[in-house]
Amino acid sequence: NTLNPTAANSLVLNSSSPGSGILLNANITSNGDLVLLSNATIARSSGVLSGTSISITSTNGSVGSGLARSGTNVFVNTPLLQVHGHGAAVTASGSVALQNASAGNAASFSLSTVNGNITVNAAPTQTTGTTLKLSAGGSGNIVHNTAQTLTATSIELESGTGNIGALATPILTSSTNLKANTSFNGSAYVAATGDVNIGDSSAGSAFVLSSSGSINSSSDIRSSGSLSLSSDKNLDILYAIALNGSLTLTAGLNPALGAAQLHIKPNGIILASQGDLLLNNRNTTNGSTILIDSNSVLTAFSTTNLGQVRVFFGNTFVPSAGSTPANVTETKIGGLILYGNTTIKANGPVTNNLIAVNGLIGFNTDPLSSNAIVLNGGTVIASLSGQAPKVQLRSLDLSDANVVSEIQTLQQNGYVG
């Protein structure tokens, strides 16, 4: 059936005969609710659907086609939307609240706005092999107003310059693959359930992603503000860049999952500009490790007193001098390099280079052995700060031999008189 312009207080368009679809080729406007029901595909050649609420259902076909961004998407102008089909591609002209949605097996679900918010009041129900894409155009935000989790094999979250989630209410996801991208002043806050692979992702301000399982990425993750990646189990990262803030990588938040690894992959690039760089494995179970793999470059830079690099286990970094391991070359210009009570392990044959210019590079494996932190050859770790480092003592109890050792280390390096 081909539909032409229609106006009504409330409108139901039903094409439920077997094999019968709907082709939209002009504006259809309802002053109340607008409902489209079809047995087959609902497609569009032109026109916009308008109503105080819109419900679009295809029982055996798609709504729009695939993930196309124009032409074949169904265009709507409504504050409230429901979409059901074996695949859907819908674009809203302004802000829209997704009230209910579903896509079939191996299908795709795409909802975008030209310039407006996407508010998720009910998560689309998906089955295996699906792709779920939410794209808020312009300054539009993606807002999650439900405890329901977005579930699909692959999830892509986009905003032009708006926010994706919020610190207190991140976007809840469950997927094998995940991307989140925004720009300008936009921040991204995402909480993943289970193991997840992160594709190219970015934010114009803060980027915060957590997982109740493991996080793996061989893609570019960056933020023009601060960046935080945290996982209950393992964290395997290749590229992570914070261009104007601190960068925090945290693994092992749930020791009940067993030993955890924080791994910077070979040839990795980790950069915190105008902030500190923290690599922290919270899991102190035997077998937990922090591995900075071969030829990786880790840098913290700041024109202030930031720009410190801390690599440690447990909840708090405790400074302790330790001894310089083999296969390490130090360059200190007003900086400080600490290895912890048990020191660390550094592999060859290519030397690992540590550079502290008015900065701090601190390691601590406590309570694990030196093998818990490994530099795997050819690594470069640099702390470049505008001011000499400020190191916090664990306490002022001079009867504690560890505190005395920390003070002596600072004296030897000229930081305490």
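Trainee: In what order do the 10 strands of the open sheet stand, and in which sense do they pair?

Mentor: In general, the strands of a sheet pair through backbone hydrogen bonds, either parallel or antiparallel. In this predicted model, local features need a pLDDT of at least 70 and side-chain atom pairs count only at pLDDT 80 or more, while totals for chains, interfaces and linings use all residues. Residues are numbered from 1 along each chain as its sequence is written, and side-chain values use heavy atoms, with hydrogens and water left out. The order here is β18-β20-β22-β25-β27-β29-β31-β34-β39-β36, with parallel pairing. Strands are DSSP runs of E of at least two residues, helices are runs of H or I of at least four, and both are numbered from the N terminus; two strands pair if DSSP finds at least two bridges between them.

Trainee: Which strands stand at the edges of this sheet?

Mentor: β18 (150-151) and β36 (336-338) each have a single partner strand, so one side of each is left without a neighbour in the sheet. Elsewhere in the sheet, β22 (residues 188-192) runs parallel to β25 (residues 207-211), joined by 5 bridges, and V190 is placed opposite L209 of β25.

Trainee: Which residues of β3 lie on its covered face?

Mentor: In a regular strand the side chains alternate between the two faces of the sheet. In β3 (residues 11-15), L11, L13 and S15 form the covered face, whereas V12 and N14 form the uncovered one. β3 pairs with β6 (residues 33-38) over 5 bridges in the parallel sense, with L13 opposite L36.

Trainee: Is Q308 buried or exposed?

Mentor: Buried means under 20% relative accessible area, exposed over 50%, and partly exposed in between, using a 1.4 Å probe and protein chains only. Q308, in the loop between β33 (297-301) and β34 (309-313), is buried at 6%. A106, in the loop between β13 (96-103) and β14 (108-113), counts as exposed at 57%.
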